[in-house]
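Try each task before you read its solution.

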Amino acid sequence: MNILLCCAAGMSTSLLVSRMEQAAQEKGVDAKIWAVSADEVNTHIPEANVLLVGPQIRYKLPLLKKAAEQQGIPVEVINPVDYGRVDGKKVLEFAINLKK
């Protein structure tokens, strides 16, 4: 499963990516998880199965949904509490459930 995270600059989600990778290993989920800035997201969408958007750029959701849905990729905003707590396990479960 390929999980793409989009945030303002691509940096604030790096710790979340690490925690999600750790949670995926613990669950035995084969996942590629990476984060990019909102400016770069369109070039990465074709590689993704799910696109998660950082809460700080939720205002870009309609535009991102339009781009991703053309590829059949679900898009949602990461729960602000899970994002703030850097809860990789919950965010990973959220991504997996979006793809079902």
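**Exercise 1.** Which residues of α1 are buried?

*Solution.* Keep in mind that this is a predicted model. Take "buried" as under 20% relative accessible area. With that cut-off, the list for α1 reads Leu16, Val17, Met20, Ala23 and Ala24. Now look down the helix axis: these buried residues fall within an arc of 125°, so they line one face of α1. The spacing makes sense, because an α-helix has 3.6 residues a turn and residues three or four places apart point the same way. As for what covers the buried residues, the cover includes β1 (2–7), β2 (32–37), β3 (50–53), α4 (80–84) and α5 (88–99).

**Exercise 2.** Check the length of helix α1: what should its 14 residues span?

*Solution.* Helix α1 runs over residues 14–27. Just after α1, Gly28 takes a positive phi of about 75°.

**Exercise 3.** In what order do the 4 strands of the open sheet lie?

*Solution.* Reading across, you get β2-β1-β3-β4, with parallel pairing. The edges are β2 and β4 (75–77), each pairing on one side only. From one strand to the next, the twist averages 25°. Zoom in on β1 and β2: they share 6 bridges in the parallel sense, and Leu5 has Ala35 in β2 as its bridge partner. Finally, α1 packs on the sheet, touching β1, β2 and β3, and its direction makes about 170° with that of β2.

Note on methods
Residues numbered from 1 in each chain as written. Predicted model: local features only at pLDDT ≥ 70, side-chain atom pairs only at ≥ 80, totals over all residues. Heavy atoms only, no water. Helix = DSSP H or I, 4+ residues; strand = E, 2+ residues; numbered from the N terminus. Expected span 1.5 Å × (residues − 1). Buried < 20%, exposed > 50% of the residue type's maximum accessible area, 1.4 Å probe, protein only. Arc of directions from axis to C-beta. Contact = heavy atoms within 4.5 Å. Pairing = 2+ DSSP bridges. Axes fitted to C-alpha atoms, helices over the stretch in contact; angles between N-to-C directions.
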